[in-house]
Amino acid sequence: RAVAMSVSHSSRLNKLVREQYMRLPQDGLAQVTYVWIDGSGEGVRCKSRTLDKEPKSIEDVPEWNFDGSSTAQAEGSNSDMFLVPVRMFRDPFCLDPNKLVLCEVLKYNRKPAETNLRHTCKKVMDLVKDSHPWFGMEQEYTLLGVNGHPYGWPDNGFPGPQGPYYCGVGADKVYGRDIVESHYKACLYAGVKICGTNAEVMPSQWEFQVGPCEGIEMGDHLWMARFILHRVCEDFGVVATLDPKPMTGNWNGAGCHTNYSTEEMRREGGLKHIEAAIEKLSKRHDYHICVYDPRGGRDNSRRLTGHHETSNIFEFSAGVANRGASIRIPRQVGQDGYGYFEDRRPAANCDPYAVTEAIMRTTVLNETGVETKDYADH
């Protein structure tokens with residue numbers, strides 16, 4: 001009874017009935033679901049429309065609009081916001097020829113909405129395109145029942161201490177694998193560059209990895225992977241939270257470790273370029289902490305304590321194979337002398353556009369201090 005009550009009512013509807021309708025032909029029409037980031041900077045919203053034929057490219061998807069006063073993005077007296085399609089994926093829920101389309105949000109005056117961080121990220125990525133920046137982001141998340149309690153945890157008390165859960169197997173060690181595997185397959189179908197998944201250190205906590213992606217592609221693919229995760233969880237009746245520290249106490253938090261390299265770092269002798277980039281990052285720690293979660297570092301302050309495989313939020317550190325450092329150089333990279341490094345500071349609820357843009361500003365555009373340069377006129 002306790003397990004049944006922790007999932008949503010809608011998840012208990014007869015899914016076989018739904019399948020009957022999903023098999024109906026569409027006579028050449030296509031259902032397109034527009035996906036965007038709302039005023040919280042963390043939540044995603046969506047709505048669908050019919051197109052006369054299957055869109056073959058993003059240019060075939062028209063702009064649309066929505067009521068920004070209902071998403072904390074506009075006032076009711078001037079509420080229309082523009083949805084500008086930027087990347088298209090196959091729809092794993094309604095299947096071909098239907099599409100999922102990620103959109104930027106513009107205000108009534110065609111300026112980017114406050115939580116549209118893709119706009120400036122795209123400008124920066126265009127500036128640094130010759131360095132061919134590759135990213136891979138490791139998205140940790142925690143499964144909750146609709147009552148807000150970690151899924152599978154005892155109603156009263158706690159599971160056993162951390163240890164057997166990371167990459168675990170067995171009903172007493174992992175909770176919700178059906179959700180994880182469904183999400184994985186849905187991302188593969190959609191064309192999201194998902195590259196792996198594993199159970200994490202805290203029970204009911206999981207991780208998936210997206211990448212390698214070049215430039216602006218990183219944020220696009222991670223945001224769509226997040227949307228698909230929330231949508232899959234909806235079908236199963238549970239909630240995926242990206243809170244960086246969902247459970248206080250002796251439990252691991254949730255991050256979004258960001259792996260990064262430029263073309264020169266990936267070449268023979270690239271380690272010196274990796275070390276030069278880390279040196280630049282060390283002098284701009286406060287700036288990066290401010291943009292690595294949606295609340296200027298306040299969310300990360302609950303997570304980056306120096307315990308549970310994290311660095312201290314107030315100190316910058318780097319090391320080979322050190323998961324307690326701000327920046328980790330993988331052991332293999334240290335041995336090979338080239339490759340990539342991992343920034344372990346971004347919180348699970350970070351905006352990947354903000355994270356990747358900040359890394360490029362510091363390591364390639366050589367910005368310093370807490371102020372950012374406006375490249376609009378260059």
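Helix axes are taken here as lines fitted to C-alpha atoms over the stretch in contact, and the angles between their N-to-C directions run from 0 to 180 degrees. The model is a predicted one, and the points below are grouped by topic.

**Helices α4 and α5**

- Helix α4, residues 177–190, packs against helix α5, residues 217–236, with the two axes 9 Å apart and at an angle of about 135 degrees. Because angles over 145 degrees count as roughly antiparallel and those from 65 to 115 as roughly perpendicular, α4 is oblique to α5.
- The crossing in which α4 passes α5 is right-handed.
- On the α4 side the contact involves D178, I179, S182, H183, A186, C187 and A190, and these meet A225, I228, L229, V232, C233 and F236 of α5. By residue class, the contact of α4 with α5 comprises ten nonpolar residues, two polar ones and one charged one.

**Cysteines**

- How many disulfides does a search of the whole structure find? The search returns zero.
- C187, which is among the α4 residues that meet α5, has its closest cysteine sulfur in C195, at 11 Å, and this is too far for a bond, because a disulfide requires the two sulfur atoms to lie within 2.5 Å.
- C195 is likewise in no disulfide, and the cysteine sulfur nearest to that of C195 belongs to C213, 8.1 Å away.
- Is C187 buried or exposed? C187 has a relative accessible area of 0%, so this residue is buried, whereas C195, at 44% relative accessibility, counts as partly exposed.

**Helices α3 and α11**

- Helix α3, residues 118–127, and helix α11, residues 352–363, have axes that come within 9 Å and cross at roughly 35 degrees; the crossing of α3 and α11 is left-handed.
- R118, T120, C121, V124 and M125 of α3 make this contact together with Y353, T356, E357, M360 and R361 of α11. The residues in the contact of α3 with α11 divide into five nonpolar, two polar and three charged.

**Q205 in strand β8**

- Q205 lies in strand β8, which spans residues 205–214, and at 2% relative accessibility Q205 counts as buried, because the cut-off for a buried residue is under 20%.
- Leaving aside residues up to four places away in sequence, Q205 touches Y141, T142, A199, E200, N252, G253 and A254.

Key:
Residues are numbered from 1 along each chain as its sequence is written. This is a predicted model: local features need pLDDT of at least 70, side-chain atom pairs count only at pLDDT 80 or more; totals for chains, interfaces and linings use all residues. Side-chain values use heavy atoms; hydrogens and water are left out. Helices (H or I, at least four residues) and strands (E, at least two) are DSSP runs, numbered from the N terminus. Angles under 35 degrees count as roughly parallel, over 145 as roughly antiparallel, 65 to 115 as roughly perpendicular and the rest as oblique. A crossing is left-handed if the near helix is turned anticlockwise from the far one by less than a right angle, and right-handed if clockwise. Contact means heavy atoms within 4.5 Å. Ala, Val, Leu, Ile, Met, Phe, Trp, Tyr, Cys and Pro count as nonpolar, Asp, Glu, Lys and Arg as charged, and the others, Gly among them, as polar. Buried means under 20% relative accessible area, exposed over 50%, partly exposed in between (1.4 Å probe, protein chains only).
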